[in-house]
Amino acid sequence: MTTKSKLSHLQQLEAESIYILREVAAQFERPALLFSGGKDSITLVHLALKAFRPGKFPFPLVHIDTGHNFQEALDFRDELAAKIGEKLIVRYVQDSIDQGKAVEEKGKFPSRNGIQTVTLLDTIAEFKFDACIGGARRDEEKARAKERVFSVRDEFGSWDPKLQRPELWNIYNGKIHVGENVRVFPISNWTELDVWEYIRAENIALPSLYFSHKREIVWRDDLVFPVSKFITLDNTDKVEEKTVRFRTVGDMTCTAAVESEANHIDDIIREIQISRTTERGSRLDDKRSEAAMEDRKRGGYF
C-alpha cells in the first residue's frame, strides 16, 4: 500500500501560482509580466522559469520606470533579464510628462506613483497586451484584498470591485471584450512571510536593498526616508546615517526604510514574524486617504 505524499504549504502555493501562469499562457494572446526588480516580481520570474523552462516565456517582462526608482533595483532588473535571456520592455513616466500626458507633483516628496498609470495604459495600448501579470498580494492592503486572481479592467483601464468574476474551484475566466484588459495576480494568496520563506527555500537572489546597509536618511512623519536627488531638503531636515533595509521597494520619494540589522534572510524572517506593522505601512502613497489604493486602481493603477 503506497502512502500519498503531501505537499507542504509552500509547495501548494507554488503549484497554484504555476497553474495560474500556465492559464494565462493558454487563455490570452498577448500577455506581459510586469517586472520592477522588487522581491515579488522576482518571485514571479522564478515561478515562470519553473512553469515554462526549457522553453521561452510566452510573454515579455515589462517595467514602467517612474524615474524615481532605486538604482539597485534597476541594476538587478537588467542583470536578471539578461541572465535568463528574456525580453525586457521599459517605458518611462518621464516621457509621459514630456508629452504633456501626465503632470508631475510638486512639493518636498513629489510622488510619481499615481501618474505611472498613464504610462502603463499607454504601454498596454502600444503592445495590445490583453493580460498583465503582477506580484500584488491580498495581504498587502485592503483594496488588494478585494481583487480576484483574474482582475478584469474595462476599456479605460478602470477597476470596479463590484464587477469581478467568481473564481470557484480555481476556474479562471479570461474572456474579455475588445479593449478590455485583465490584470493577473498569481501570488494573490501568498503573504509577505510566504514570499520570504519561498525565497529562502529556493535560494532566490535579491537586490541589496532588502538587507541591512548604511544609508543617509531623513525623518518624515516618524518614518525613515532615503536621501535622494528626488526630494527637496530644507534647513529643518536633519540628515543622518542609519543602518536600514527596505521591506518593499517603490519610488524613493514614497518608500520608507526600517531600521534593521538584518543582513541574512533568516534574520529578516524573524523580523517579519514579530513585526506589528504591515509591509506597506512604510509607503507614503498609501497614507494619503483611507481609500488611496482603491482610488488609484479605479483609475487604472495596477
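Predicted model: local features only at pLDDT ≥ 70, side-chain atom pairs only at ≥ 80, totals over all residues.

Q: What makes up the chain in terms of helices and strands?
A: The chain has 8 helices and 10 strands.

Q: What percentage of the residues count as buried?
A: Of the 302 residues, 54% are counted as buried. The cut-off for that label is a relative accessible area under 20%.

Q: How do you know what share of the contacts joins residues 24 or more positions apart?
A: A contact means heavy atoms within 4.5 Å. Among contacts in the chain with a separation of 6 or more, 75% are between residues 24 or more positions apart.

Q: What is the strand order in the open sheet of 4 strands?
A: The order is β8-β7-β9-β10, and the pairing is antiparallel.

Q: Why are β8 and β10 called edge strands?
A: Strands β8 (223-226) and β10 (258-259) each pair on one side only. Pairing itself requires at least two bridges between two strands.

Q: How do you know that β7 and β8 count as paired?
A: The definition asks for at least two bridges, and 4 bridges join β7 (residues 213-220) to β8. The two strands therefore count as a pair, and they run antiparallel.

Q: Where is aspartate 221, and what is its phi?
A: Aspartate 221 lies in the loop between β7 and β8. Its phi is near 50°, a positive value in a residue other than glycine.

Q: Why is aspartate 221 called exposed?
A: The label exposed applies over 50% relative accessible area. Aspartate 221 has 58%, so it is exposed.

Q: Why is asparagine 170 called partly exposed?
A: Asparagine 170 has a relative accessible area of 36%. Buried means under 20% and exposed means over 50%; 36% falls in between, so asparagine 170 is partly exposed.

Q: What is the phi of asparagine 170, and in which loop is this residue found?
A: Its phi is positive, about 55°, although asparagine 170 is not a glycine. The residue is in the loop between β5 (150-153) and β6 (181-184).

Q: Which kind of peptide bond joins arginine 53 and proline 54, and where is proline 54?
A: The bond is cis, with omega about 15°. Proline 54 sits in the loop between α2 (39-52) and β2 (61-65).

How values were computed:
Residues numbered from 1 in each chain as written. Heavy atoms only, no water. Buried < 20%, exposed > 50% of the residue type's maximum accessible area, 1.4 Å probe, protein only.
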